[in-house]
Amino acid sequence: MSDQPQSGRRKALKFLAGAPLLPLGAMSTASLLSACGGSSAVAAAPAAPVANFVSADFTAMAAPTLTNAAAMATTTVASSLNVTFSDNSTQTYKLAYQPFFLTGDMVPNGNGGTVLAGGYYDINNKPIIDATVAGKERQYFSDSPDGTSLLSLPNPTVTGIKGKAVFAVVQFEYTTWAQDGKTDMYGKLPSPIAVLTLDQDQTTGKLSLVKYHNVDTSKANGLWITCGSSLSPWDTHLSSEEYEPDAFTISSNAMFAAYSTNLFGDATKANPYHYGHLPEVTVNPDGTGSIKKHYCLGRISHELIQVFPDNRTALMGDDATNGGLFIFVADKEKDLSSGSLYVAKIGAGFSLDTAAAGASLSWIKLGSATSAEIEALANKLKPTDIMDVANTDPKDATYTKIYISGKIQWVRVKAGMEKAAAFLETHRYAAMMGGSMALTKLEGTTVNAKDKIAYSALQNMQSSMVRGNAAWNEAFGVTLEKALNAGGILAHTLAGGQKDTSGAAINSEWVPTVTKTLLIGEDIAADALGNTANPDKIGAPDNLKFSEKLRTLFIGEDSSYHVNNFLWAYNVDTKKLTRVASMPAGAEATGLSVVDNLNGWTYITSNFQHAGDWGSIHNIVKPTLDPLVRANYKDRFASAVGYLTADVSSVKLAK
């Protein structure tokens with residue numbers, strides 16, 4: 001099924017009156033009519049029984065193969081959603097994919113003009129021009145859309161809406177190549193972020209783009225490699241800045257110099273301490289957006305944050321080697337501008353065995369701060385003002401040996417600089433303080449509120465997690481006997497009444513106390529297509545989102561081990577894992593979010609990045625698929641932003 005819209009086939013899953021979430025329970029027509037009143041002389045007809053939603057599961061699609069090469073070269077959805085109602089009847093919804101746009105498209109700006117989707121802008125909001133092909137200069141645009149949030153506001157003011165206004169916030173992580181196809185652009189451009197105004201058809205649920213607004217990020221010093229995102233409980237978009245630039249080696253960082261040049265026009269103007277934080281976007285009723293960057297959640301490789309239902313406690317992804325499990329507890333509800341930062345110490349029992357009891361978690365408090373005070377420190381401090389760092393053993397007991405980014409260093413904090421170290425040199429400080437800095441590629445996070453379980457994706461389980469590796473430290477509490485490249489997902493039990501390692505109470509009822517393995521992939525010898533991870537299991541899980549109503553954990557892959565990356569649905573009650581969608585070959589599944597109820601409709605957003613980014617596993621399929629991918633996605637410079645929905649012929653819920 002192609003990314004291109006197909007007339008009459010793309011309708012969303014609809015709630016009818018009284019249905020709490022998915023289009024999975026509805027009042028009957030007779031029941032609706034009786035509620036409208038009528039003549040007192042005529043007895044009302046008995047209300048028909050209401051058939052309510054009971055459960056749902058997904059019917060899997062097969063992984064596409066070269067027998068249908070076109071399906072491997074686009075976003076393919078061939079799965080179904082099966083719903084069971086309280087009267088024991090069932091309904092099957094055939095799923096489909098609907099894009100809002102391809103990056104590089106000219107889309108409406110809401111003022112009668114157009115704007116480039118995924119386009120890049122400098123600190124003055126001027127287009128950044130790709131001049132690598134003489135005579136074909138053009139504005140850079142991203143081939144890597146990522147985190148997406150879908151929301152509504154009570155009193156939207158956007159004109160031209162025929163149904164109801166819905167908003168999406170979409171961030172663009174990077175672009176892979178300049179148009180010459182030779183100049184690597186990863187991390188060299190300031191990440192754009194946009195607010196989309198969508199017209200929600202109240203008959204079909206279809207979402208149509210009516211306005212694209214590029215958010216001004218200049219007050220946040222621009223954005224750095226925005227990856228995963230989540231929707232906060234108070235309906236703001238929580239972004240990310242991963243792979244925080246190392247301030248101690250910044251003078252030799254050519255990528256950061258190029259970033260600074262493209263953003264500021266000056267290779268030395270960007271300050272590394274302004275990046276690696278948590279941006280938050282607020283959508284305005286007119287379809288514009290504003291952004292602020294929170295500096296008090298730790299300067300780590302922020303991948304994806306999940307705020308728990310208390311509106312205060314947040315679990316964060318840390319997409320690093322020698323990464324840690326971090327939580328932040330805000331001082332006030334719905335306000336991430338001040339609070340306390342903790343890193344986990346992992347106890348005995350960490351295992352890939354999904355039947356094992358798991359490992360206990362204790363929490364080391366790194367500090368408390370406001371965003372404003374850490375931003376002020378970031379503005380004035382140099383790395384050598386905060387700590388001393390040695391790459392060889394200084395033979396000095398005042399230094400602490402740490403593991404960071406796969407290497408060993410020795411560090412010590414300057415007098416009075418503990419707070420600066422905790423929030424600006426978080427990886428180093430957390431290691432100094434005894435955090436279990438063992439994890440690799442800790443990416444997506446999400447929460448199952450009913451069961452008080454949080455989930456974290458480990459894209460790969462390798463290097464710092466594997467016995468004998470140069471980055472491994474047995475004291476971290478994580479030891480695998482061999483790497484698992486296909487990665488896995490951890491489940492964390494959440495509880496209140498916890499104390500940190502100093503004995504002080506942690507002011508939260510949502511603290512992870514035990515971590516265990518929920519799902520793992522399987523490394524294999526290359527199969528007939530080139531897959532080096534079992535295509536019928538998860539491979540390098542990245543994006544995670546949980547649907548409370550469906551009791552389903554959705555999993556998007558970022559794999560160098562599957563020829564096509566997949567979107568999966570895992571029912572936490574039945575333990576059934578189902579392939580729901582397949583991305584174009586060479587592309588990463590991104591932009592995953594789940595909205596159980598948006599004006600009575602349910603949506604799963606899904607994007608992808610860098611279609612046709614060929615690796616060695618694609619040697620078999622590349623000759624066939626490369627021309628197809630190029631034809632579909634602007635010679636591989638474009639990617640799709642869109643959502644999963646249901647085919648029109650299957651949507652009939654009235655009982």
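A charge is said to sit over a ring if NZ of Lys or CZ of Arg is within 6 Å of the ring centre and within 35 degrees of the ring normal. In this predicted model, R579 provides one such case: its charged end sits over the ring of F566, 4.4 Å from the ring centre. R138 provides another, with its charged end over the ring of F637 and 4.9 Å from the centre of that ring.

The structure holds 16 aromatic pairs. One of them joins F308 and W510, whose ring centres are 6.1 Å apart; the planes stand at 35 degrees, so this pair is tilted. The two residues come from distant parts of the chain, 202 residues apart. F308 belongs to the loop between β17 (302–307) and β18 (313–323), while W510 belongs to the loop between β27 (488–495) and β28 (511–520). Both F308 and W510 are buried.

A further pair is formed by Y603 and Y643. Here the ring centres are 5.6 Å apart and the planes are at 80 degrees, so the arrangement is edge-to-face. Y603 lies in strand β34 (residues 601–609) and Y643 in strand β35 (residues 640–646), so the pair ties together parts that are 40 residues apart in sequence. Y603 and Y643 are each buried.

Ring pairs can also join into a group. W224, F256, Y259 and Y275 are linked by ring pairs into a cluster.

How values were computed. Residues are numbered from 1 along each chain as its sequence is written. This is a predicted model: local features need pLDDT of at least 70, side-chain atom pairs count only at pLDDT 80 or more; totals for chains, interfaces and linings use all residues. Side-chain values use heavy atoms; hydrogens and water are left out. Rings of Phe, Tyr and Trp (its six-membered ring) pair if their centres lie within 6.5 Å; planes under 30 degrees apart count as stacked, over 60 as edge-to-face and the rest as tilted. Helices (H or I, at least four residues) and strands (E, at least two) are DSSP runs, numbered from the N terminus. Buried means under 20% relative accessible area, exposed over 50%, partly exposed in between (1.4 Å probe, protein chains only).
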